[in-house]
Amino acid sequence: MGNTNHPESAALKGGAAGSVAVNWLRRNLAAIAAVLGLCIALSITTNTFLVSTNLLSLLRQSCVNVLIAFGITCVLICGGIDLSVGSCAAASGVITVRLANAGLPLVVCILTALVFGALLGLFNGYVISHTTIPAFIVTLSTQIIVRGVGYVVTGGQPTQCTNETFNLIGTGDLFGIPTPVFVVAFVFIVLFFIMNRTGFGRHVYATGGNAEAAKYAGVNTKSVQMRVFMMSGILAALAGVVLAARLYSGQPSVGEGFERDAIAASVLGGTSFNGGVGTLGGTVIGALIIGVLNNGMNLLRINSYWQFVVRGCVILGAVYIDFLKKARTLKK
């Protein structure tokens with residue numbers, strides 16, 4: 001089955017790296033312009049936006065959203081949605097910190113958290129693909145369950161991390177660049193290969209584009225869905241590990257609203273709510289828009305209640321643009 005829906009793959013088929021860049025820039029021109037426009041506006045209206053410490057902080061904070069948004073992008077391309085990522089990230093952070101404080105090797109601590117995320121994602125994917133319960137309901141339920149269990153186990157209290165090596169994952173720098181940026185870059189390369197150069201990646205786009213047609217073409221759509229939700233769970237868990245390292249603690253209350261920002265980043269980056277369309281590069285740009293917007297509203301000291309209004313309007317606008325694109329495609 002050919003993969004004709006995602007531009008990154010289409011460009012790769014053309015065989016030229018230059019074509020990849022040109023296609024990517026053309027399709028994300030509006031999002032890139034939005035990021036630059038926000039940066040210019042904040043540079044004019046504030047004295048602190050272009051300060052190196054603020055830009056590095058913005059970059060470091062955006063990495064958590066990018067990691068979660070990568071998983072959300074894959075799920076949306078497959079035609080689903082995952083609302084459990086925030087709770088998964090919070091629980092994974094708590095698990096990692098508690099194991100690290102117990103003296104276990106960091107590799108074991110982090111792998112345990114990733115296994116937790118994989119199992120949660122597998123559960124979501126299994127229920128969604130083997131029942132008629134919508135993904136929205138399943139992942140909303142697991143979001144609440146995992147959050148509740150986290151509060152019960154921790155008593156609602158954060159666990160301070162005593163392992164300084166672990167903290168470097170979130171707060172360290174390498175060549176002046178925040179460590180989480182390297183984590184995001186590694187994940188991007190791996191996911192880019194999976195989504196653009198493997199049969200599984202083609203099946204994800206095919207399942208999201210038209211699940212029935214994909215079945216007739218021999219695609220095991222149930223298996224594809226389960227593996228995509230597993231990927232989302234693993235990436236949410238990794239984001240939780242990075243966040244816990246940055247906060248020096250595992251906190252059961254963090255992660256509320258993470259799914260909102262991740263969905264917004266994906267949709268702003270061109271991923272369709274209707275499935276079958278989306279790119280990881282676009283998601284990075286979308287996450288930068290969300291990061292700059294949040295950073296700018298804090299610098300301008302906009303009331304936190306109004307910040308919710310602005311974020312909601314941004315998501316509504318992005319979804320409306322996606323709706324217009326879909327309607328335009330159907331007319332052709």
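Predicted model: local features only at pLDDT ≥ 70, side-chain atom pairs only at ≥ 80, totals over all residues.
Phenylalanine 188 and phenylalanine 192 both belong to helix H9, where four residues, about one turn of the helix, separate them.

**The aromatic cluster**

Two aromatic pairs are present in the structure. A pair of aromatic rings is described by the distance of the centres and the angle of the planes. The table sets out these values for both pairs.

| Pair | Distance of ring centres | Angle of planes | Class |
|---|---|---|---|
| Phe70 and Phe188 | 6.1 Å | 40° | tilted |
| Phe188 and Phe192 | 5.8 Å | 35° | tilted |

Phenylalanine 70 is located in helix H4, whereas phenylalanine 188 is located in helix H9 (residues 179-197), so their pair ties together parts that are 118 residues apart in sequence. Through these ring pairs, Phe70, Phe188 and Phe192 are linked into a cluster.

Phenylalanine 188, with a relative accessible area of 25%, is partly exposed.

In soluble globular proteins, nonpolar side chains tend to be buried together. The largest nonpolar core of this model contains 70 residues, of which Ile68, Phe70, Phe166, Val204 and Val228 touch the most other members. Helix H12 gives the most to this core, namely 14 residues. Apart from this core lies another one of five residues, which include Ile32, Val35, Ile285 and Ile289.

What does phenylalanine 166 touch, not counting residues up to four places away in sequence? The residues are Thr96, Val97, Leu106, Cys161, Val241, Ala244 and Ala245.

**Valine 224 and threonine 207**

Valine 224 lies in helix H12 and is buried, with a relative accessible area of 1%. When neighbours within four places in sequence are left aside, valine 224 is in contact with Cys78, Phe200, His203, Val204, Thr207 and Val219.

With 5% relative accessibility, threonine 207 counts as buried. Residues up to four places away in sequence again not being counted, threonine 207 touches Cys78, Ala214, Val219, Thr221 and Val224.

Valine 224 and arginine 311 are 87 residues apart along the chain, and 32 Å separates their C-alpha atoms.

**The second largest pocket**

Two or more lining residues come from each of helix H4 (52-77), helix H12 (221-247), helix H13 (258-268), helix H14 (280-299) and helix H15 (304-331).

How many lining residues of the second largest pocket are nonpolar, polar and charged? Eight are nonpolar, 10 are polar and five are charged.

Helix H13, one of the helices that contribute to this lining, is mostly covered, as eight of its 11 residues are buried. The buried residues of H13 are Glu259, Asp261, Ala262, Ile263, Ala264, Ala265, Ser266 and Val267.

**Residues with a positive phi**

Glycine 270, which follows H13, has a positive phi near 100°. Which residues other than glycine have a positive phi? Tyrosine 248 and arginine 301 are two of them.

The phi of tyrosine 248 is about 65°, and this residue is found in the loop between H12 and strand E4 (249-250). Its relative accessibility is 40%, so tyrosine 248 counts as partly exposed. Arginine 301 has a phi near 55° and is placed in the loop between H14 and H15. Its relative accessibility of 77% means that arginine 301 counts as exposed, because the cut-off for an exposed residue is over 50%.

Note on methods:
Residues numbered from 1 in each chain as written. Heavy atoms only, no water. Nonpolar A, V, L, I, M, F, W, Y, C, P; charged D, E, K, R; others polar. Buried < 20%, exposed > 50% of the residue type's maximum accessible area, 1.4 Å probe, protein only. Core = buried A, V, L, I, M, F, W, Y, C linked by side-chain atoms within 4.5 Å. Contact = heavy atoms within 4.5 Å. Phe/Tyr/Trp six-rings, centres within 6.5 Å; stacked < 30°, edge-to-face > 60°.
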